[in-house]
Amino acid sequence: MNVLIVEDEKGLALEIDEFLSHEGFTVEHARTKKSAEEKIFVNNYDFILLDLGLPDGDGFDLLKMLKGLDKREDAVIILTARGAVDDRIMGLEQGADDYLAKPFSLSELLARMHAITRRKHRLESNDINIKGLRVNIQNRTVIYNDERINLTKKEFEIFNYLVLNKNRVISRTNLTEHVWGDVLEINSDSNFVDVHVKNLRKKLSQYIPIDWFETVRSIGYRINI
Amino acid sequence: MKLQVKLALYNTLTKVAIILFTGLLILLSIEKISYNHIEVRLEDDKEETLKSLSSGEINSFLNSQKVYTDYNILKEEFITITPEAKYNPKTTNAIKFTTETRRVDRNIQTYRILSHRFNFKGHTYLLEIGEAIESVEELKSIIKKFTLLVLFIALVLTLISDLIFTKFLLAPFYKIIDRKLIKVNDPMNFDYEKIKTTTQDFELLDDSISSLMKKISNLFILEKQFIANVSHELLTPISIISSRLENILLHEDLSEGSENKMHASLKTLNRLKSIINSLLLISKVENNQFDKVDVVMIAGVIKEIHEELEDRMDEKHLTFTNHIKYIYSIQGNRPLMHTLLFNVINNSIKYNNPKGTITISDELTEDIYSIIIADTGAGMDQKQIENAFNRFEKFDTDEKESYGLGLAIVKSITAFHNIKVQINSVKGKGTRVKLIFDHHNQLH
């Protein structure tokens, strides 16, 4: 899948590029509104990661232009340091698929991109198989041998996020922010995410051994596949 | 003491002093003038008498060395000539005036008396001519009474008129105080319209306050812009560092120690992000960068927050009781109201003791709705309550990550929505936060 990063901060664009390339995406950059326009005219992208504050204009204009084009299904994720609720609503109203406030974690970005892919293509085959467990994002279920494992909403969110970011240590902070959102003043250091993970592991281990579901001491969790 | 009363009292006192002074002056001069009159008359009488010594009746009295006394019918005047026992050849022409009470016939009266010694045919006599001064005394007492009456009336009248006048005079002053100082709790909403007054001093006061407010609000705006800009500019570098650290973590050849350090750094960055976002939020709320167009149903928001925080409560084994009776909605900003209630309830979890309780109730009295969030936690003493809303103020808590901005956010959001906050707390017993909704943003 190919991604266009519209971001004037070179450092950030490079990091996103490195991360997404590592995940198998093909990445292109645009640092100004003008060059982004040119690229968007020429190519179709699966994803456009759009910064709102560009040196030569507002990212919203790009979004408007894109939505004016025929037969385009490029998914747009707005990345911005503005972070205002109004911007978020405006972005989504104008047809952006998601909105991430800077600073965001790259694993969160990846999770959002996966979610959009599934939403757009509605493919059953998009179910993820892991050690005999079938994770269905649409129905938010985990199934083992046609038997549904009864997970709470939050347990599913945690499991899904860890699966998407497999083979990578996901810190509690990251996990908390993903599951509970960017709530100010919520205590990300608290171990209450542990309670959910503990329950999740207990439920899963009733079906299969879960040695692949690793607790990384003092940091967080990792699912190894 | 009020300026108005002070001025009135001062005016009254000076008026009393002036009236007393003139009254005394009049009294004294009346005495002086009338005595003078009497004395001139008495002297004339003396001359008459001395001239007529050798004639008729007086002469026979003098010859027989008896006391000669004469008076008119009303005893207003009398005259006596008393022969003295010893002859004193050296009499002078001196006359003496005295005021004495004398018995004339059977009447006792006060007289102004002229005494004069003179020699006549080898004898010394004492001549006394008296004139009753009762009428003068009467006049004096009338003037005294009159002065007192005038004094009293003047006193009352001036006091009343002064009070009314100064009240009228000072009205713009109190208007300035009320409108420009008391009612202004935020320099951003200052009313620059001039208060109507013809008193230059008040105009000066008004202008001074206005220009002071202008300066203050400029500083405020500058400070808020600074916070907003700095916060915004800081978020991008944080984003770069955080992404970079995440990418480093992808490298498999990383040692465990380095990996731990990376994660610790990410956590620190996250903390930095939270602080900046909180400051940014406060600054935006204070800059009125949010609108208030949502209809926010309080009970609904509470229910939502309860669901979000349920696991945190379970973790601490807290009992949550929702006693909300009314379906009350306000016009406001929904995300902000959510943040406000979230922070308050989150605090009541954070500072609660294990197995404690959180009780939410509401009341509606005389059109004023309030919601009460009570916990059985650590509580605060008076000093802590006073400081609780300050930025970066935090108390001992088991939890390591507390930025001390939660209640500062609460403060700015409540101010934005005209919600009053009351905190009752007993150290060690618990805290009761009451949010009182102003009926201006009420909506049924």
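**Reading helix packing**

A: In this predicted model, α3(B) and α4(B) are roughly parallel to each other, because their axes cross at roughly 10° and angles under 35 degrees count as roughly parallel.

Q: Which residues of α3(B) and α4(B) meet?

A: On the α3(B) side they are B:Pro172, B:Phe173, B:Ile176, B:Lys180 and B:Leu181, and these meet B:Phe202, B:Leu205, B:Asp206 and B:Ile209 in α4(B). By class, this contact divides into 7 nonpolar, no polar and 2 charged residues.

Q: At what angle do α7(B) and α9(B) pack, and how far apart are their axes?

A: Two packed helices are described by the angle between their axes and the distance between the axes. Helix α7 (residues 334-350) of chain B and helix α9 (residues 406-416) of chain B pack at about 140°, with axes 9 Å apart. That angle makes α7(B) oblique to α9(B), and α7(B) passes α9(B) in a left-handed crossing. Their contact has 7 nonpolar, 6 polar and no charged residues.

Q: Which residues of α2 in chain A are buried, and which exposed residues lie on the face turned away from them?

A: An α-helix has 3.6 residues a turn, so residues three or four places apart point the same way. In α2 (residues 33-42) of chain A, the buried residues are A:Lys33, A:Ala36 and A:Ile40, and they cover an arc of only 60° around the axis, which puts them on the same side of α2(A). The face turned away from that buried side carries the exposed residues A:Glu38, A:Phe41 and A:Val42.

Q: What do the buried residues of α2(A) pack against?

A: They pack against several elements of chain A, including β1 (2-6), β2 (26-30) and α3 (59-68).

How values were computed: Residues numbered from 1 in each chain as written. Chains lettered and ligands numbered in written order. Predicted model: local features only at pLDDT ≥ 70, side-chain atom pairs only at ≥ 80, totals over all residues. Axes fitted to C-alpha atoms, helices over the stretch in contact; angles between N-to-C directions. Helix = DSSP H or I, 4+ residues; strand = E, 2+ residues; numbered from the N terminus. Parallel < 35°, antiparallel > 145°, perpendicular 65-115°, else oblique. Left-handed = near helix turned anticlockwise from the far one by under 90°. Nonpolar A, V, L, I, M, F, W, Y, C, P; charged D, E, K, R; others polar. Buried ≥ 20, exposed ≤ 12 C-beta atoms within 10 Å, placed from the backbone. Arc of directions from axis to C-beta. Contact = placed C-beta atoms within 7 Å.
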